[in-house]
Amino acid sequence: MNKQSVAEQYVDLMARAGVRRMYGVVGDSLNPVVDAIRRHRSMEWVQVRHEEVAAFAAGAEAQLTGRLAACAGSCGPGNLHLINGLYDAHRSMAPVVALAAQIPSGEIGTGYFQETHPDRLFAECSHYSELISTPRQMPRVVQTAIQHAVGRRGVSVVALSGDVADEDAPTGGNELAIPLDRPSVRPPDRELAAFKEMVDAAEKVVLFCGRGVEGAHAEVMAFAEKIKAPVGHALRGKEHIQYDNPYDVGMSGLLGYGAAYEAMHACDLLILLGTDFPYSSFLPRGVKTVQVDIQAERLGRRTRLDLAVWGDVRETLKCLTPVVREKESRRFLDRMLDKHVHTLERAVGAYTRDVEKLTPIHPEYVASVLDEVADDDAVFTVDTGMCCVWAARYITPNGRRRILGSFVHGSMANALPQAIGAQFLDRGRQVVSLSGDGGFSMLMGDFLTLVQYGLPVKVVVFNNSSLGMVDLEMMVDGLPPHGTTYAHTDYAAIATAAGARGIRVESPADVRGALREAFAHDGPALVDVVTDPDALAVPPRTTVEQVSGFALSAGRTVLTGGVGRMVHLARTNLRNIPRP
């Protein structure tokens, strides 16, 4: 067998683990690895404009496939730029291995040009972060990194100096076994028996589902049918459980809607299925609660539990559903379903009816039209902020669509980079980035990546010339919005100048046609929709403190000469202004 360099062995091991591309920005410390990729038969180097984009793209690819993805950054500032995207991937449980190139090995510890210590820097956003200082560590360190990323679902980081990457690797190292498939985990009989007793004893049971119900839709539906339980969901559970669900009562949380909040507080047994829902203020107190999760460390860290069940949702319900007693009464279920319908018609539909002639364009209307004209198997990537609200409330899952966002880490500017990763994975699948103008402009340089590679991503910019979610947060805190506005920018013109299709929309009558034109274009396209900056997103349950803060902010805005804005805001949000 021909000798391999450390760089060649690294690339070969990643390819054997299923990696097909590595996202990054080249640099001299990365040269041996990039050249090894150039010569590899099944690996592609994807050149982005910013390493943060590389990490987000790899994370998106990993979330969509469940398989390992990879990114890389050159020494010092290059790999440091990866950190925000890696935090997002790690907190999203996306298996990603990042290569952090290092300065020449003999200079480490001397304060050399661009010196950092990536094995320390990335420790908090990874399960594994180690430096390869000698070829003798190959291939075990790389194999360990892969197994940590895949087995624990998160990020691993390997730091590697360019001079070490150029050295000869030990022979035979790429023949090591790398397990890539995750096992199913069944709870012990004692926990299942206790779970059965609690379900049988309860009259009103509610299921609240998170991302952990992925792949368990049929099992959740069968369980809900047998015990006549309303089914609510967190944002990350929406795409996996809302479709084909006759027990759906909506979503709880800051972006929620429907009757999920009320159902959870009116039941006598709440079952949390595969969710690490962080907003404990939306969870009931004084209600018996069971949590099922494959990650044992998540059990009970958000609310007090009466029973913690360690296992994956699918296997747990396959064991539990056949043995629980079927409930006869649908009274509670039907009451919550009726409440959900009325709440949904009043709140979610408030801005999507009779708005075709209203300007500025209501962003909710844009999202609802987008939902109608997008493909049934589209991938939507969603910026943090108000775009996340509109996607949560208006994009309809169907079991084939996917919705990605920075739903745990909460980073701005995630949508475009995640769309890049999603589109590289499948050029024939429709990928739509729902971008706020704040998030889009933050990493706008990588719109050029779409053009360079001919990626047919469709970017829909909700252009309200402001940081809308921050506006709302300041008002809830009783503060007049400040430092949240941007100069009006024509992003369609920028897209056109970059060589893509750019479409500017200022009238609601043009929204549908513009989206269809963009979707029909064979290549990257950007639809720049000028939306109302005063559209609010109100949680399904507001507190007196939040309303008081909103009122105080309104008063301060008026007193400082902003009465015109408050009048416009009130008219815009007449049906959704929060009331105690």
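The paragraphs below take up a helix, the nonpolar cores and a serine in a strand.

This is a predicted model, in which local features need pLDDT of at least 70 and side-chain atom pairs count only at pLDDT 80 or more, while totals for chains, interfaces and linings use all residues. Residues are numbered from 1 along each chain as its sequence is written, and side-chain values use heavy atoms, with hydrogens and water left out.

Helix α10 spans residues 217–227, and because eight of its 11 residues are buried, it is largely enclosed by the rest of the structure (buried means under 20% relative accessible area, with a 1.4 Å probe and protein chains only; helices are DSSP runs of H or I with at least four residues, strands runs of E with at least two, numbered from the N terminus). The buried residues, among them Val220, Phe223 and Ile227, pack against α9, β7, β8, α11, β11 and α13. Lysine 228, which follows α10, has a positive phi near 55°.

Val220 and Phe223 are also among the residues with the most contacts inside the largest nonpolar core, which has 49 residues (a set of buried Ala, Val, Leu, Ile, Met, Phe, Trp, Tyr and Cys residues joined through side-chain atoms within 4.5 Å). Apart from it lies another core, of 46 residues, including Val48 and Ala100.

Serine 433 is found in strand β16, residues 431–436, and counts as buried because its relative accessibility is 0%. Its side chain is joined to that of serine 435 by a polar contact of 2.7 Å (a pair of N or O atoms within 3.5 Å; within protein, one must be able to donate a hydrogen and the other to accept it, and residues adjacent in sequence count only if both atoms are side-chain atoms).

Note on methods:
Buried < 20%, exposed > 50% of the residue type's maximum accessible area, 1.4 Å probe, protein only. Contact = heavy atoms within 4.5 Å.
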